[in-house]
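Me: Hi! I'd like to talk through a structure with you, starting with the overall picture and then going into the packing. Could you put it up?

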Amino acid sequence: MKQAKQFPFLAIQKQRFAFAFANQSSERNIPSERQFYQWIWHALKNEYRRAEISLLLLDEADARAYNRDYRQKDYATNVLSFALNEGEIMLPESDHTLRGDLIICPQVVSREATEQGKLIAHHYAHLVIHGTLHLMGYDHISDDKAEAMEALETALLAQLGIANPY
């Protein structure tokens with residue numbers, strides 16, 4: 001019987017990137033857990049050697065409640081990012097581990113992809129990368145910051161063979 005090859009990189013990657021995934025959405029046309037993992041890792045690997053990130057998929061009512069309770073916006077949005085360094089828990093400054101949670105509403109993602117004429121997988125990739133960049137401290141509050149974040153998103157997506165979403 002032929003023995004499977006061992007790839008030490010994969011073992012090292014799993015030690016560096018802890019990923020928790022839960023689909024509490026009724027939507028079934030979603031990427032695989034592995035695909036979500038790969039998109040998040042792709043976004044963070046050049047800036048963080050270690051990360052602990054959870055991704056939760058929620059239906060519109062639950063996503064709307066999170067957006068309302070945490071952002072005071074009463075509608076379901078495509079992606080929400082909650083970075084652990086935003087004040088809830090104090091971590092040692094020497095700990096260079098990215099920690100945070102992403103919430104995605106598949107119904108919103110699907111509707112947007114259809115409206116914008118995008119492949120749904122490409123839209124998911126964009127939103128996962130976008131949300132991960134928010135966890136990393138990027139934002140689009142000012143025009144300069146928005147341009148920098150969009151340029152990075154576009155470059156990361158191009159590396160995956162995905163066209164500029166903007």
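Reply: Here it is, and we can go through it one question at a time.

Me: Great. What kind of model is it, and how are residues numbered?

Reply: This is a predicted model, where local features need pLDDT of at least 70, side-chain atom pairs count only at pLDDT 80 or more, and totals for chains, interfaces and linings use all residues. Residues are numbered from 1 along each chain as its sequence is written, and side-chain values use heavy atoms, with hydrogens and water left out.

Me: How many helices and strands does the chain have?

Reply: There are six helices and four strands in the chain. Starting at the N terminus, the order is α-β-α-β-α-β-β-α-α-α. Helices here are DSSP runs of H or I with at least four residues, strands are runs of E with at least two, and both are numbered from the N terminus.

Me: And what share of the chain is buried?

Reply: Of its 166 residues, 40% count as buried. Buried means under 20% relative accessible area, exposed means over 50%, and partly exposed is in between, with a 1.4 Å probe and protein chains only. The accessible surface of the chain is about 10,200 Å², and 50% of that belongs to carbon and sulfur atoms; the areas come from the Shrake-Rupley method with a 1.4 Å probe, and for residues only the protein chains shown count as cover.

Me: On to the helices. At what angle do α4 and α5 cross?

Reply: Helix α4 (residues 106-116) and helix α5 (residues 120-135) cross at roughly 120°, and their axes come within 9 Å. That makes α4 oblique to α5. The axes are lines fitted to C-alpha atoms, for helices over the stretch in contact, and angles run from 0 to 180 degrees between N-to-C directions. Angles under 35 degrees count as roughly parallel, over 145 as roughly antiparallel, 65 to 115 as roughly perpendicular, and the rest as oblique.

Me: Which residues meet there?

Reply: From α4 you have P106, V109, S110, E112, A113 and Q116, and they meet I120, H123, Y124 and L127 in α5. By class, this contact of α4 with α5 has six nonpolar, three polar and one charged residues. In that scheme Ala, Val, Leu, Ile, Met, Phe, Trp, Tyr, Cys and Pro are nonpolar, Asp, Glu, Lys and Arg are charged, and the others, Gly among them, are polar.

Me: How do α2 and α5 pack?

Reply: Helices α2 and α5 pack at about 45°, with their axes 9 Å apart. That makes α2 oblique to α5. On the α2 side, F36, W39, I40, H42, A43 and L44 meet A121, Y124, A125, V128, I129, T132 and L133 in α5. The contact of α2 with α5 has 11 nonpolar, two polar and no charged residues.

Me: Now α5 against α6, what's the geometry there?

Reply: The angle between α5 and α6 is about 130°, and their axes are 10 Å apart. The two helices α5 and α6 are therefore oblique to each other. Here A125, H126, I129, H130, L133 and H134 in α5 meet M149, L152, E153, L156 and L157 in α6. That contact of α5 with α6 divides into seven nonpolar, three polar and one charged.

Me: Changing topic, which residue has a positive phi?

Reply: Q72 has a phi near 60°, a positive value in a residue other than glycine. Most residues other than glycine have a negative phi. Q72 sits in the loop between α3 (60-71) and β3 (79-83), and Q72 is exposed, with a relative accessible area of 61%.

Me: What does N67 touch?

Reply: Apart from neighbours within four places in sequence, N67 is in contact with Q72, K73, Y75, T77 and L80. N67 is in helix α3 and counts as buried at 0% relative accessibility.

Me: Last one: where is S26?

Reply: S26 lies in the loop between β1 (17-23) and α2 (33-44). S26 touches D59 and Q107, not counting residues up to four places away in sequence. The C-alpha atoms of S26 and D59 are separated by 6.6 Å, and the two residues are 33 residues apart along the chain.

Definitions and conventions
Contact = heavy atoms within 4.5 Å.
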